[in-house]
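Hi everyone, thanks for coming. Let me put the sequence and the model up on the screen, and then we'll walk through a few places together.

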Amino acid sequence: MKILAIESSCDDTSVSVLNADKVESCLISSQKFHGKYGGIIPELASRAHIKLISALTQESLKQSNTDINDIDAIAVTTEPGLVGSLIVGSNFAKGLSLRYNKPIIPVNHIEGHLYSGCLQDPSIKFPFITLVVSGGHTAIFNVKSYNDYEIVGLTRDDAAGEAFDKIAKLMGLTYPGGPLIDKLAKEGNDKTYDFPRSMIHSDNFDFSFSGLKTSVRYFVQREFPDGVPESKMPDLAASVQSAIVDVLVHKTLASAKRYNAETIVIAGGVSANSQLRSQMSTEAAKFNIKTVAPDMIYCMDNAAMIGFIAQKKYQEAGKNTFTDLDFVVNPTALRAKRLKKK
Ligand code: KG4
Ligand code: ZN
């Protein structure tokens, strides 16, 4: 079965063609221009999606040698995300569905991330734990099957990526600061400065990163009132990064033990972090738990992960389930009942 998948929930436009579980093409266009504004400007993100989406779809079909008439269904991200961005992808998909008379499968973006490890490694067994960690989300899921999962841990304030980006800004770095901190940290000593590992000893799997951000703000104001000198940047970056990664690894591993999971999947933009990837696999291996950190293309926002889970839904529910074009986008679906923490 062939799926054409479309993802435009935030600032990446992506289109993918899958043949069963196999990705035949996956194109991603990231909107780098937001960097100069210090963060994503939603209105500009939607306009950029409008400009890109048609050409990316044609190119994705071309790269996979697929005629659109041979597609079995169209998958599209409808929740959660920026409302304008979601509307662009969803309306474009509805247009294709009408024009070519194809079923359309609405997909939750977080569900896409949850199963992105299976795209990479089809041998993963249920139940597994997925840490979804990005600029907008930080949550731990116990994944029991393709249609059964629960949130077992959630950030109570900032997402980890938000913490990376806000702290990078305090250090005078540009947006998005996460990759820059990662790069600087490679040259630094993480024992130089001691920052809080909030909630690391709490008896749940929740996170809090706003205290770390405040702690770094006071530290920088006190120690470096004229700005962080270049010579101190690597040690500061390494110390901050370890404070974030230690908590992510500790809580994810504790949840894997609690829910008897043999595998941990890390997904979302922050899963690109080199220390998170290596520390998670080293620590998990001590307990015979495998870590799957998908290739970067499947960690970041991408349409292949949307197509993958759409295909599972289609196989289970049958094509007649997906004929409704009346669905609307839902920007805040993580708070919806289905995804609610138990
Ligand atoms: O998943 P993503 O592309 O977009 C959403 O937030 O949905 O994630 C972007 C986030 C940003 O906060 C960025 O700073 C962070 O991922 N990020 C990283 C790294 N690469 C991206 N954070 C730490 N280390 C990295 N190497
Ligand atoms: Zn995402």
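Let's begin with a pocket. Lining the second largest pocket are S97, L98, N101, K102, P103, I104, K319, N320, F322, T323 and L325. By type, that lining splits into 5 nonpolar, 4 polar and 2 charged residues; here Ala, Val, Leu, Ile, Met, Phe, Trp, Tyr, Cys and Pro are nonpolar, Asp, Glu, Lys and Arg are charged, and the others, Gly among them, are polar. The volume of this second largest pocket is about 150 Å³.

A quick word on what you are looking at: this is a predicted model, where local features need pLDDT of at least 70 and side-chain atom pairs count only at pLDDT 80 or more, while totals for chains, interfaces and linings use all residues. Residues are numbered from 1 along each chain as its sequence is written, chains are lettered from A and ligands numbered from 1 in the order in which they are written, and side-chain values use heavy atoms, with hydrogens and water left out.

How do we find empty space at all? Rolling a probe the size of a water molecule over the atoms shows where it is left. In our case the search runs on a 1 Å grid over the protein atoms alone: a cavity is a set of points where a 1.4 Å probe fits but cannot get out, a pocket is an open set with protein on both sides within 12 Å along at least five of seven lines, and lining residues have an atom within 4 Å of a point. Grid points are joined across faces, edges and corners, and a volume is the space filled by probe spheres set on the points.

So much for the pocket; what about closed space? The structure holds 1 cavity of 30 Å³ or more, and the largest cavity contains about 30 Å³. Around that largest cavity sit P196, R197, S198, S208, F209, L212, A243 and V247, a lining of 5 nonpolar, 2 polar and 1 charged residues.

Now, on to the metal. Which protein atoms are the donors of the zinc ion, ligand 2? They are H109 through NE2, H113 through NE2 and D301 through OD, at 2.1 to 2.2 Å from the ion. Donors here are N, O and S atoms within 2.8 Å of the metal (3.2 Å for Na, K and Ca), and water is not among the atoms, so sites may look incomplete. Along the chain, the donors of this zinc ion have the spacing H-x3-H-x187-D. H109 in helix α3 and D301 in the loop between α10 (296-299) and α11 link distant parts of the chain, 192 residues apart. Helices, by the way, are DSSP runs of H or I of at least four residues, strands are runs of E of at least two, and both are numbered from the N terminus.

The scale is simple: buried is under 20% relative accessible area, exposed is over 50%, and partly exposed is in between, with a 1.4 Å probe and protein chains only.

Side chains of opposite charge can pair when their charged atoms come close. Our criterion is a side-chain nitrogen of Lys or Arg within 4 Å of a carboxyl oxygen of Asp or Glu, and the structure holds 15 such salt bridges. One of them joins E111 to K313, with the closest N and O atoms 2.7 Å apart. E111 lies in helix α3 (residues 109-114) and K313 in helix α11, so this pair ties together parts that are 202 residues apart in sequence. E111 is buried at 2%, whereas K313 is partly exposed at 24%.

Elsewhere, D158 pairs with K166, the closest N and O atoms being 3.7 Å apart. D158 is buried at 8%, and K166 is partly exposed at 32%. These two belong to a network of salt bridges linking D158, E162, K166 and K213.

One last stop, back in helix α11, residues 303-317, where we find Q311. Q311 is buried, with a relative accessible area of 1%. Beyond its neighbours within four places in sequence, Q311 is in contact (heavy atoms within 4.5 Å) with M1, I3, A20 and D21.

That's my tour, and I'm happy to go back to any of these places on the screen.
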